[in-house]
Amino acid sequence: NYIYQSTFEYKNYTQWEGHLKKYKLNKDGTFGNLDSQFGDAADKLNKKKADDRNIFTTSLSDTTINNFKTSLKTELKQLMYPGLTPTDAEIENLINFVRGTDTYDEDSDGSKTDSRHKLADIYHSNITIVGSPNASFGNDSSLNYKKKDSFYREDNLYNNFINGASCGGSCKNRKEIVLAGSNGGMLHAFDSITGEELWAFIPPSLL
């Protein structure tokens, strides 16, 4: 019933600004009105303070969903600047910039503590919706059943996954999210209803 659309605004010599919107999908396949609750996820993200975001990566002593922060600059320095010796100020500036503070005065307004556009362009990245598990499984009595995905799911206890506690409760009731990779080097997870960013993941290979 809905369609998610990513767009971006080209900016010369600065990060391209990304946007993610949700529209009603009409029966004839045309776009309807912008969903007022979701709106533009970029606008929601810009209103969130940089320190309030959940941004994480791997290979750190802190394994929570908010470990990409200045308090872990010593560990992050080794991952982000291998073989180099940046100052604490340099590593803190980069961390804060990624989180959404304009530490390099990207907008040339003379301030290095104001907020910047936090969602980079979603380009060459497929938007993916992840919600309640709904894939088929079980024996359908067909001749080639063992060659089908439904057999693989049944054989690997897909039913236990659906009804188990691996999602913090029954996976049938897990929150639906929108996943999108941006050219800011992050995989973002947005609430599919509200448009709020839930977390962002930075692959260690992109640090």
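Two strands are said to pair if DSSP finds at least two bridges between them. Helices (H or I, at least four residues) and strands (E, at least two) are DSSP runs, numbered from the N terminus. The model is a predicted one, in which local features need pLDDT of at least 70 and side-chain atom pairs count only at pLDDT 80 or more, while totals for chains, interfaces and linings use all residues. Residues are numbered from 1 along each chain as its sequence is written, and side-chain values use heavy atoms, with hydrogens and water left out.

**The five-stranded sheet**

Begin with the open sheet of five strands, whose order is E4-E8-E7-E6-E5 and whose pairing is mixed. Its edge strands are E4 (55-56) and E5 (128-130), each of which pairs on one side only. Next select E6, residues 177-182; E5 pairs with E6 in the antiparallel sense over three bridges. Which residue of E6 stands opposite valine 130? It is isoleucine 177. When inspecting strands, note that in a regular strand the side chains alternate between the two faces of the sheet.

**The loop between E4 and H2**

Now move to the loop between E4 and helix H2 (73-80), where asparagine 67 is placed. Is asparagine 67 buried or exposed? With a relative accessibility of 1%, asparagine 67 counts as buried, the term meaning under 20% relative accessible area, with exposed over 50% and partly exposed in between (1.4 Å probe, protein chains only).

Display the surroundings of asparagine 67. A polar atom of its side chain lies 2.7 Å from the backbone oxygen of aspartate 62. Contact here means heavy atoms within 4.5 Å. Neighbours within four places in sequence set aside, the residues in contact with asparagine 67 are Ile55, Phe56, Thr57, Leu60, Asp62, Leu72 and Leu76.

Select asparagine 66, which lies in the loop between E4 and H2. Asparagine 66 has 18% relative accessibility and therefore counts as buried. Its side chain makes a polar contact with the side chain of arginine 99 at 3.1 Å. A polar contact is a pair of N or O atoms within 3.5 Å; within protein, one must be able to donate a hydrogen and the other to accept it, and residues adjacent in sequence count only if both atoms are side-chain atoms. Beyond its neighbours within four places in sequence, asparagine 66 is in contact with Arg53, Asn54, Ile55, Phe56 and Arg99.

Threonine 63 is also found in the loop between E4 and H2. Its relative accessible area of 72% makes threonine 63 exposed.

**The hairpin of E2 and E3**

Select E2 (residues 17-25) and E3 (residues 31-34), which pair in the antiparallel sense over two bridges. Tyrosine 23 has leucine 34 in E3 as its bridge partner. Five residues stand between the strands of this hairpin, in which glycine 29 takes a positive phi near 90 degrees.

**The whole chain**

Finally, zoom out to the protein, which has five helices and eight strands. From the N terminus on, the elements run β-β-β-α-β-α-α-β-α-α-β-β-β. The C-alpha trace spans about 70 × 45 × 30 Å along its principal axes. Of the 207 residues in the protein, 37% are buried.
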